[in-house]
Amino acid sequence: MRIHIATDHAGLDFSTHLKQHLAEAGHEVVDHGPTEYDPIDDYPAFCINAAKAVVADQQAGVQALGVVFGGSGNGEQIAANKVHGIRAALVWNTSTAELARQHNDANVISIGARQHTIEEATGFIDTFIAEPFSFEERHARRIAQLAEFEATGTIAGKHVDA
Ligand SMILES: O=C(CO)[C@H](O)[C@H](O)COP(=O)(O)O
């Protein structure tokens, strides 16, 4: 699996650990930054670049997921979700890691590196990567509605305010 990662200054220590962990697990890690500690750097571009790479890989048939993380993971999730085709989930325990894949077919996990121990956060990411989408009809239907809204601004058969 190719794993695209991105963070900001709040996640840089975790990034070093995560890259080694994922590589040891046999994944190909692509780091979208930052490359050095800058306490006033900004997460959006790093996370958007990782998210764009996930979409490009998946559209090319390459197995890929994204991992973005910062202090809370909130802004990093928001940034990733600005990219068409991204379903980024903020994960904060093992259950939300599993459900992000089973129900949402999330292709990016977002983590608050300041909210968890390194072991906890690494475990959530391992769980997320290992968990398959359920392919249950109701979940596929809802994901398709999100994609339709993203593409057209509406959802056929549903009331979406103009
Ligand atoms: O989690 C984040 C965004 O959601 C950032 O990592 C966090 O806001 C950075 O905070 P600070 O600039 O105070 O170190």
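Predicted model: local features only at pLDDT ≥ 70, side-chain atom pairs only at ≥ 80, totals over all residues.
## The nonpolar core

Let's start inside. The largest nonpolar core takes in 39 residues, and Cys47, Ala51, Val108 and Ile109 have the most contacts within it. Helix α2, running over residues 43-59, is the top contributor to this core, giving eight residues.

Val108 is a handy place to look around from. Setting aside neighbours within four places in sequence, Val108 touches Ala51 and Val54, then Leu65, Gly66 and Val68, and also Ala80, Ile86 and Ala88.

## Where α1 meets α5

Next up is a helix pair. The axes of α1 (residues 12-24) and α5 (residues 118-130) come within 11 Å of each other, crossing at roughly 45°. That angle is why α1 counts as oblique to α5. As for handedness, the crossing of α1 with α5 is right-handed.

On the α1 side, the contact is made by Phe14, His17, Leu18 and His21, while α5 brings Ile118, Ala121, Thr122 and Ile125.

## A look at Ala56

Back to α2, which also holds Ala56. Is Ala56 buried, exposed or partly exposed? It has 14 C-beta neighbours inside 10 Å, so Ala56 counts as partly exposed.

For a sense of distance, take Ala56 and Ser95: they sit 39 residues apart along the chain, and 28 Å separates their C-alpha atoms.

Note on methods
Residues numbered from 1 in each chain as written. Core = buried A, V, L, I, M, F, W, Y, C linked by C-beta atoms within 7 Å. Buried ≥ 20, exposed ≤ 12 C-beta atoms within 10 Å, placed from the backbone. Helix = DSSP H or I, 4+ residues; strand = E, 2+ residues; numbered from the N terminus. Contact = placed C-beta atoms within 7 Å. Axes fitted to C-alpha atoms, helices over the stretch in contact; angles between N-to-C directions. Parallel < 35°, antiparallel > 145°, perpendicular 65-115°, else oblique. Left-handed = near helix turned anticlockwise from the far one by under 90°.
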